[in-house]
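Here are my notes on the structure you sent.

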Amino acid sequence: MLGLMQDWPLLTHRVIDHAARHHGGREVLSRSVEGPLHRSSYAEVRHRALRLAQRLARDGVRLGDRVATMAWNTWRHLEAWYGITGIGAVYHTLNPRLFPEQIAWILNHAESRMMLADLTFVPLLEQLAPKLPHITRYVILTDAAHMPATSLPGAVDYESFLAEADGDFAWSEFDENTAAGLCYTSGTTGEPKGVLYSHRSNVLHAMACSLPDVFGLAAMDRVMPVVPLFHANGWSLPFSAPLSGAALVMPGPKLDGPSVHALLEEGRVTFTAAVPTVWLALLQHLEATGAALTTLKRVAIGGSACPPRLIEAFTQRGVRVVHAWGMTEMSPVGTVCSMKPETAGLSPQGQLELQAKQGCPPFTVDMRIVGDDGQEKPWDGSTFGNLQVRGPTVTRGYFKTGKSALTEDGWFETGDVATIDAHGYMHVTDRTKDVIKSGGEWISSIELENLAVGHPDVAEAAVVAARHPKWDERPLLILVPKQGRTIEKQSVLDHIAPHVAKWWLPDDVVVVEEIPHTATGKIQKTKLREQFAGYFGAG
Ligand code: ADP
C-alpha cells in the first residue's frame, strides 16, 4: 500500500523558489569581481536565474547538458547554478587553480558545451579555448561596461545575455535523480574523476547540512561561504543557506585574511566555512592588528584536519568551531563534531580535545572502519581502520566510467584511516597514502602537524615519510615560520615530545619559506614526499 502524500520531487530549483517566496527580501551580499559590494535578494536571484534558464534554453541547452562555471563566489555564480539546474542541465564547476592542461582535460572529458566565467579567467580561457572544441559560447560574468575585447568564441557579457530573456518562463520538471552538478576531484594521483551530484542528493544534503548538529543554519543567520563553490559543491551552502532562509554573503575573489575579516564585519556574518589555511591567515591578521570578530558565532573548518590551535583561538574569541570532514564524493559533508549528552559534561579542555575529532555523520551518511581483510573494527577510539561510507549523498560511481566505485557490499572506500570512539566520534588518523610506516608501526602525520602548529613560532607544518635504512620510513617535519619569527628546531621537538610516543618524534626538522598547496588549499604531500624521500640517505 502506498502512502497518500503528495509527490514532490526534490529538485534544486524548489530551494530557490522556497527562499524567494518565504524569505524573498533576504540579502545576498557579494564582493563583486569588478570591485564594489553588490546587494541582491533571494527574490531577485530567483528571477534572474529564471531569465538565465530561459536564455540558455534558447541557445539549445537541454536536459543533461553540462554548462561549465569558472567563477568566484558571487550572486551571479549563485544565479548560474539555479538557472542551469532549472532546465535539467548540469553545473560543472572548475577549479581555476588547477594546471591549465588539467582544466582542458576535465572540460573535454565532461564535454561541457558552454562556459560561464569570471573576468579574472578570461586570459586563461583565451589560452585554452583552441583546445576546447565542445565549448561554443563563453558568457563572461560581468556587464557590458566591464566586458573586455576577447577572442573567445561566442563571447558575451552575462548582463547582456540575461537582458535577452524576460523571465516569463517555468522551471522544467523531471525526475529527482536527474544529474544537477559535476565536480572533478583534483586527482593528486591519476586522472581527475567526475563526481555527479543529483537534484535529490543535493537537496537531501542541503537539508542534512542545515540541521542543528551539522551547520545549524536558520533564517536569523548570515552565512559566508569562503570555501569556493568550485570546491566540492561549496559545502552545500549555495543550497542550505537559501533552504534555511539564511542570508548569504559572498566574498568574490578576495580570500586573504584582511579582506575576509572586512567582509565578515561589513556583512554581519554569523556563520562561515573554509579550509584551515584561510582561518590561519585570518587569525594572523587579527593577532597582528588587534581587530575583533563582532558578529561571528560559528565557523565550519574542514577539507583537512583542523589544528587544535585554531579551535582554541576561535573559542577564545567566542566563536564555536564546527570541525567537519568530507570529500567531493560525499557532496561533500561526511561528519561534523558536535556535542552529545555523553560528551557535554567534558571539561573545557576535554571539549577542545573532542573538537579535534572529525565527529559524527548526519542522517544521510553511514560509516564504518574495516581492516585490510574487510572485517569491521571496534569503536574503541584507539583501533584504526580504513574508513568506508555509504548513503544517498555518497557517490556510487564516477562520471563516464560505467563502473561501480563501491566495495562488493556497497560501501565507498574513502582512502582515509580513522578511529571511531565509543560515542561514535570519528577521528581521521591520516590519508592512507600519508601515514608513516616506521618499523611496521603507523605514525599519524596529522597528529604531529597539529602539535607542531601549536608552537608559537610556527605558521604551517607538514610531516612526511622519508625512506630510512633501518625503519623503512621515518617522519620528517617541515616547517614554515610565522612572519618575523625564527624557528629553533629543538624547541619545536620539545614542544611535541610530551604528547607522543618517543618513536613518533620526527627524526629531523627542515625550515622552509613556503609549503606547496593543492588547488583546494591543502598541503601538497605528494610533492613534499618526492622532494624529501631521500632525506635520511636511504635509496
Ligand atoms: P582533494 O583530493 O581535492 O583534496 P577532497 O576535497 O574531496 O578532494 O578531499 C577529501 C579528503 O580531504 C578526505 O578524504 C580527507 O583525507 C581530507 N579531509 C577533509 N576534511 C578533513 C578533516 N576535517 N580532517 C582531516 N582530513 C580531512
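1. The ligand has a shell of 16 residues. Ser186, Thr328, Asp416, Arg431 and Lys522 are the closest of them. Keep in mind that this is a predicted model.

2. What is the make-up of that shell by class? Strand S14, residues 320–326, gives the largest share, with 4 residues.

3. Gln358 places a polar side-chain atom 2.8 Å from a nitrogen atom of the ligand. For His323, a side-chain N or O atom is 3.0 Å from a ligand nitrogen. How much of the ligand does the protein bury? Taken alone, the ligand exposes 570 Å², and the protein buries 93% of that.

4. Next, the second largest pocket. Its volume is about 810 Å³. It is lined by 28 residues, and those closest to its centre are Pro308, Ala356, His427, Glu447 and Leu451. By class, the lining divides into 12 nonpolar, 11 polar and 5 charged residues.

5. Which helices and strands each supply at least two residues of this pocket lining? Three helices do: H11 (308–316), H13 (348–355) and H14 (445–452). Strands S19 (426–431) and S21 (441–443) do as well.

6. Rolling a probe the size of a water molecule over the atoms shows where empty space is left. With a threshold of 30 Å³ or more, the count is 1 cavity. The largest cavity holds about 30 Å³. Its lining consists of Ser32, Val33, Glu34, Thr74, Trp75, Arg76, Asp118 and Leu141. That lining has 3 nonpolar, 2 polar and 3 charged residues.

7. On to the aromatic rings. The whole structure contains 12 aromatic pairs. One of them joins Phe215 and Phe271; the ring centres are 5.3 Å apart and the planes meet at 45°, so the pair counts as tilted. Where do the two residues sit? Phe215 lies in the loop between helix H7 (199–210) and strand S10 (222–225), while Phe271 belongs to strand S12 (residues 271–274). The pair therefore ties together parts that are 56 residues apart in sequence.

8. Most residues other than glycine have a negative phi, and most peptide bonds are trans. The peptide bond from Ser331 to Pro332 is cis, with omega near 15°. Pro332 sits in the loop between S14 and strand S15 (333–336). S14 is also the strand that gives the largest share of the ligand shell.

9. The other detail concerns Trp235. Its phi is near 50°, a positive value in a residue other than glycine. Trp235 is found in the loop between S10 and helix H8 (237–244).

Key
Residues numbered from 1 in each chain as written. Predicted model: local features only at pLDDT ≥ 70, side-chain atom pairs only at ≥ 80, totals over all residues. Heavy atoms only, no water. 1 Å grid on protein atoms, 1.4 Å probe; cavity = no way out; pocket = protein on both sides within 12 Å on 5 of 7 lines; lining within 4 Å. Points joined across faces, edges and corners; volume = space filled by probe spheres on them. Nonpolar A, V, L, I, M, F, W, Y, C, P; charged D, E, K, R; others polar. Near = heavy atom within 4 Å. Polar contact = N/O pair within 3.5 Å; in protein donor to acceptor, adjacent residues only side chain to side chain. Areas by Shrake-Rupley, 256 points an atom, 1.4 Å probe, with all protein chains shown as cover. Phe/Tyr/Trp six-rings, centres within 6.5 Å; stacked < 30°, edge-to-face > 60°.
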